[in-house]
Amino acid sequence: FETSKAPENNYYSVEVILQTEATSIETTLTLDTPPSLVNEDDTVTFTGRLTRDDTGAGLSGMLIEIQEYDGDDVCVFCSNTTLVEGYTDQNGYFSIPWTAYCQDSNENPCTLEIFAEFSGTNTLPKSNTPIYNLAIVSKTSTSITLDQPPSPVTEGETITFTGQLMR
C-alpha cells in the first residue's frame, strides 16, 4: 500500500490494492442412462451425480435441471426447455422424478433429447451431460364394438367375432 501526508489537514490518505486470484473448481455432472422408451404419464426418475474434479467429492445442495434440447447447429437463438429440477444430496447424488409428456411435437412416439445441467456458481463452473434420446408413446383412446354373433350356437362350435376398433 501507499501513504501520503496532506500538509494542510494532517490526515494521511491510504490506498490499498488487494489482488486475488479467481479460483474455479472444475466439476463433472453425470446422468445415469434414462430409459429409451416410456409411456405418456409414466414416472421417469432421473439419477446422477455432481462431483468436484480435483477431489472426486460430491457437491451437496446444488440445483440440477433436466432439460430438453431445443436447438441445433443452425438455430443460434433457440433455448432449451427445463422439464424438471432438483437438488443434490449431501454426497452429490440426485434423484429427480418427472411425469413423462411430449414436449416437442404430436408425433407418436415423440422423441425428446434429454440432458442434465448444473448452471454453476461463483466458484463452480457450469456442467452438462451428454444428450440421451427418450421416446414417449402417447396414450390413445380406443373403443371396440363387436357385431352380434350368429345364433344359435352349438357347444364346441368355433365362432368368429367381427367388429370395429375405433380411435
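Colleague: How many bridges join strand β4 to strand β11, and do the two run parallel or antiparallel?

Modeller: Strands here are DSSP runs of E at least two residues long, numbered from the N terminus. Two of them pair if DSSP finds at least two bridges between them. In this case, three bridges join β4 (residues 37-39) to β11 (residues 132-137), and the strands run parallel. To spot the pairing on screen, look for N39, which stands opposite V137 in β11. Keep in mind that this is a predicted model, where local features need pLDDT of at least 70 and side-chain atom pairs count only at pLDDT 80 or more, while totals for chains, interfaces and linings use all residues. Residues are numbered from 1 along each chain as its sequence is written, and side-chain values use heavy atoms, with hydrogens and water left out.

Colleague: Which strand pairs with β11 in the antiparallel sense?

Modeller: That's β9 (residues 110-118), which is linked to β11 by five bridges. One place to look is T111, whose bridge partner in β11 is A135.

Colleague: And how do I read a sheet? In what order do the three strands of the open sheet come?

Modeller: The order is β3-β5-β8, with antiparallel pairing. At the edges are β3 (27-31) and β8 (93-99), each of which pairs on one side only. From one strand to the next the twist averages 20°; the angles run from 0 to 180 degrees between N-to-C directions, with axes fitted to C-alpha atoms.

Colleague: Which residues could I use to find my way around that sheet?

Modeller: Start with β3 and β5, which pair over five antiparallel bridges; there, T28 stands opposite T51 in β5. Then move to β5 (residues 43-52) and β8, joined by seven bridges. Along that pairing, T45 stands opposite P97, and R49 has Y93 as its bridge partner.

Colleague: Now the inside. Which residues touch the most other members of the largest nonpolar core?

Modeller: A core here is a set of buried Ala, Val, Leu, Ile, Met, Phe, Trp, Tyr and Cys residues joined through side-chain atoms within 4.5 Å. Buried means under 20% relative accessible area, exposed over 50%, and partly exposed in between (1.4 Å probe, protein chains only). The largest core has 24 residues, and F46, I64, I66, W98 and I136 touch the most other members. At least two residues each come from β3, β5, β6 (63-68), β7 (81-87), β8, β9 and β11. The largest share, five residues, is supplied by β9.

Colleague: How many salt bridges are there?

Modeller: The rule asks for a side-chain nitrogen of Lys or Arg within 4 Å of a carboxyl oxygen of Asp or Glu, and the count comes to two. One joins D54 and R52 at 2.7 Å, N to O; R52 counts as partly exposed because its relative accessibility is 24%. The other links E117 with K126, whose closest N and O atoms are 3.5 Å apart. Here E117 is buried at 9%, whereas K126 is exposed at 52%.

Colleague: Last one: which residues form the nonpolar patch on the surface?

Modeller: Patch residues have over 30% relative accessible area and no salt bridge; like charges are joined within 9 Å, nonpolar side chains (Val, Leu, Ile, Met, Phe, Trp, Tyr) within 5 Å. This patch is made of I144, L146, V153, I159, F161 and L165, with about 610 Å² of accessible area together, by the Shrake-Rupley method with a 1.4 Å probe and only the protein chains shown as cover. L165 lies in strand β13 (residues 163-166) and counts as exposed because its relative accessible area is 64%.

Definitions and conventions
Helices (H or I, at least four residues) and strands (E, at least two) are DSSP runs, numbered from the N terminus.
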